[in-house]
Amino acid sequence: MTDRPQSHLFALLRSAAAVRDLVDRIVVIADARVVQAVQMLIDCCCDPFFNELTRGERGSRPRFSALVDPSDIEQVNGLLRLVTRRPWGHDVDDHWGVVVLRDTRESEAAGMDALIERVTGSLQQHAGPDRWKKRWLLVADEDDRWCKWAKQHECQEVFTPQGAWCDPRTLSAFYSSGLMLASGLLGIDVVKLLEGALQVSDEYAQAPISESVAWQYAAMVAVLAESGHETPWLSAEGLALQSCAQWLESVWCYYAGPLPRGAARVRYVSKLDERLAADRLGMAEASSGSVGGCVTRFKALQARTGGSLVVPEGAAAASPGFPSAEIRLPCVNESSIGQLVQAMLLAAATYGEIVREESSADGISFA
């Protein structure tokens, strides 16, 4: 919020906006975990049929395609045929760009190098000797071979990552340079995403523990673990949040290990489904806060022994006798997703600290 024009984020978003106006599709080459995080934000913050809409219906935002597996020749060839099927003309619908998000610690870096060379060569041939440079973006360490290559070719859209980058599962990596750049290219409101996360962080640091979503959730999981219920599964009501639940599960696995069979289940419910779901499940309607117009409040975030959340369609629910908890969002947008993700990330980190503290102090009991 201070010195924004001089900030790293401002530079990322400025370049994203410029490239967004030049292309109708972006091809992201990155680690599968990074692409999963980008896809999660698309599912939560964009139209469910985003890629199928016309450019006008998408608000002039480019379509999204990703390449994560260098050995998947069929996918690579198919995507290149798709983006080069028409000659490069004056119509922006014929134009495409490449975003390379490098993780140099990955063992398959050599295969990714070959993939980047293949796709970059196609862009150079299709767009021409000069135009391709304005449609090729890179986030990589300064000593990365592609960073040096880009500088030699006078590519302007090259960024050095700030903060944790090489492990996308860590807390700050969700807000990494690569993820913010890809989100900005897709027109996702990164500022609202960060503001939502900041609200949760302030609550976590300053509010009483009893009012902090992250603290309460971590404590609830610790209580479940003491009761033999282990780590909660995550599920979602509504397609928009399913990929968010899956991504957050990977975060929990990073801190707590594999999820066991028959674990407790947490359900996310969007605002549109809130009243119907509450009536259907025989639960009281949760009240929502209104700070900033969209504050996530988990009034039902506590162990409920003996209950199961079962929907008519037969979706999986908690095993009988296992506690359940329900998380209700006032809406699904950048602000609420920023709050939800940050709350779960902080809760995961807190739970990890609780486990370590218990192991060193012969257990801590949570009331």
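Some conventions. Residues are numbered from 1 along each chain as its sequence is written, and side-chain values use heavy atoms, with hydrogens and water left out. As the model is predicted, local features need pLDDT of at least 70 and side-chain atom pairs count only at pLDDT 80 or more, while totals for chains, interfaces and linings use all residues.

The protein chain has 11 helices and 8 strands, taken as DSSP runs numbered from the N terminus (helices H or I, at least four residues; strands E, at least two). Of its 367 residues, 50% count as buried, meaning under 20% relative accessible area with a 1.4 Å probe, protein chains only. Among contacts (heavy atoms within 4.5 Å) with a separation of 6 or more, 72% join residues 24 or more positions apart.

Now helix H1, residues 8–20. Its end C-alpha atoms are 18 Å apart, which agrees with the 18 Å that 13 residues should span; the expected span is 1.5 Å times one less than the number of residues. The buried residues of H1 are Ala-11, Leu-12, Ser-15, Ala-16 and Val-19. They cover an arc of only 130° around the axis, so they sit on the same side of H1; the arc is that of the directions from the helix axis to the C-beta atoms. Their cover includes strands E4 (136–139) and E5 (158–159) and helix H6 (177–185).

Last, Val-83, in helix H3 (residues 73–83). Val-83 counts as buried because its relative accessibility is 9%. Leaving out residues up to four places away in sequence, Val-83 touches Arg-25, Asp-94, Trp-96 and His-126. Leu-123 is 40 residues from Val-83 in sequence and 9.2 Å away in space, C-alpha to C-alpha.
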